Amino acid sequence: DHYITESAQEYRSMARSAMIGGLVIAGMACLKILLAKTDMPPLTGALTYCLNYGLGFCLIHILHGTVATKQPAMTANTITASISEAGGKLRDIEALADLIVRTCRSQIVAILGNVCIAVPLAALIALAILGISGESFTSAEKSRHLLAEQSVVHSGAVFYAAIAGVCLFISGLISGYYDNYAAYNRIPERILQLGWPRRLFGEERMRRVAAYIGNNLGALAGNLWFGFLLGGTTLFGQLVGLPIDIRHVAFSSAFVGIAFVGLDFTPDPWLFAWAVLGVAVIGFMNLAVSFALALDVALRSRQVAESQWKILARAVLAHLRRRPRDFFLPPKVTD
């Protein structure tokens, strides 16, 4: 499973992939602010936000990048395949606990890769706009608002991050559905039956296109729908009268970088500190909620008793006490 780091080489590969994601996310965050300045009607604005998120996530996938916290929701099949149960009881608790540890490890490096690129790049874009136009990309008031939106004490960032975690989980289910759809309906073979594209693009190129769609339809659909879930949550809240929103760690970190430049590099220390802490908490909530829901589906699919949750949790905590390094770094290679 390419979503879970197994070795130092895969650990470095995940870091590079996350950095690519951070590059695109910085641009998406800046574009979102530009779109917000246009004062579009609510529905039009929501649709543009959805397209910004969805197409951006698809671009990250096409470029072989990684969006932090998205992988746990995509690992339900791997988790299910690793579960050996009998009579509602897990047989190999240690193996499943190790899978959870590896998932946490890969996501920590993915979050760091996204954040370490998104923050400085978003700040550089804001600084470049200031240098070119002579006007700040975000006003002082808007910058303070951006920081407050990520703060754990000045906003509902923790709750909104949990909503984003649910969106991550749903996108994982959508990806699985479209992967199964492509396989069951033989989508690549049906694409190759189309006459005019084969004449237009050639036999060999169409085979590559069909193979790519067969292998990536689920991921592309999941990314696109994830973008629409993120972009449409606020509008849905307005329609039903609920004050709901979303927070994703990569975008929140980029907004902090933009706000830092908008306040002339001198933000209120406490507000900035709460915003930085908020980014860390948002990342934890994104990861915890999406992975807990994916794991719950995997356990229920094998009819594992709920009491096994406690045994599994104790195994993960015991691993954390014995080898905390495993949650952050790949195991050392021994000769």
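Student: Which backbone oxygen lies 3.3 Å from a polar atom of the side chain of Ser 290?

Tutor: The model is a predicted one. Ser 290 has its place in helix α12. A polar atom of its side chain lies 3.3 Å from a backbone oxygen, and a polar contact requires N or O atoms within 3.5 Å. The residue that supplies this backbone oxygen is Leu 287.

Student: Is Ser 290 buried or exposed?

Tutor: A residue counts as buried when its relative accessible area is under 20%. The relative accessible area of Ser 290 is 0%, so this residue is buried.

Student: Which residues of α12 does α7 meet?

Tutor: Helix α7 covers residues 157–184. From α7, the contact involves Ala 157, Val 158, Ala 161, Ala 162, Ala 164, Gly 165, Val 166, Leu 168 and Phe 169. On the α12 side, they meet Val 281, Ile 282, Met 285, Asn 286, Val 289, Ser 290, Leu 293, Ala 294 and Val 297.

Student: How many nonpolar, polar and charged residues does the contact of α7 with α12 have?

Tutor: Gly counts among the polar residues in this classification, and Gly 165 belongs to the α7 side of the contact. By class, the contact of α7 with α12 has no charged residues, 3 polar and 15 nonpolar.

Student: How are α7 and α12 oriented to each other?

Tutor: Two packed helices are described by the angle between their axes and the distance between the axes. For α7 and α12, the axes are 8 Å apart and the angle is about 40°. The crossing of α7 past α12 is right-handed. The two helices are therefore oblique to each other.

Student: What is the orientation of α5 relative to α12?

Tutor: Helix α5 spans residues 93–133 and helix α12 spans residues 269–301. Their axes come within 12 Å and cross at roughly 150°. Angles over 145 degrees count as roughly antiparallel. The crossing angle therefore makes α5, relative to α12, roughly antiparallel.

Student: Which residues of α12 make the contact with α5?

Tutor: The crossing of α5 and α12 is right-handed. Leu 96, Ile 100, Thr 103, Gln 107 and Ile 111 contribute from α5. By class, the contact has 7 nonpolar, 3 polar and no charged residues. From α12, the residues are Gly 283, Leu 287, Phe 291, Leu 295 and Leu 299.

Student: How many helices does the protein chain have?

Tutor: Of the 335 residues of the chain, 47% count as buried. The chain has 2 strands, and its helices number 13.

Conventions:
Residues are numbered from 1 along each chain as its sequence is written. This is a predicted model: local features need pLDDT of at least 70, side-chain atom pairs count only at pLDDT 80 or more; totals for chains, interfaces and linings use all residues. Side-chain values use heavy atoms; hydrogens and water are left out. Axes are lines fitted to C-alpha atoms, for helices over the stretch in contact, and angles run from 0 to 180 degrees between N-to-C directions. Helices (H or I, at least four residues) and strands (E, at least two) are DSSP runs, numbered from the N terminus. Angles under 35 degrees count as roughly parallel, over 145 as roughly antiparallel, 65 to 115 as roughly perpendicular and the rest as oblique. A crossing is left-handed if the near helix is turned anticlockwise from the far one by less than a right angle, and right-handed if clockwise. Contact means heavy atoms within 4.5 Å. Buried means under 20% relative accessible area, exposed over 50%, partly exposed in between (1.4 Å probe, protein chains only). A polar contact is a pair of N or O atoms within 3.5 Å; within protein, one must be able to donate a hydrogen and the other to accept it, and residues adjacent in sequence count only if both atoms are side-chain atoms.
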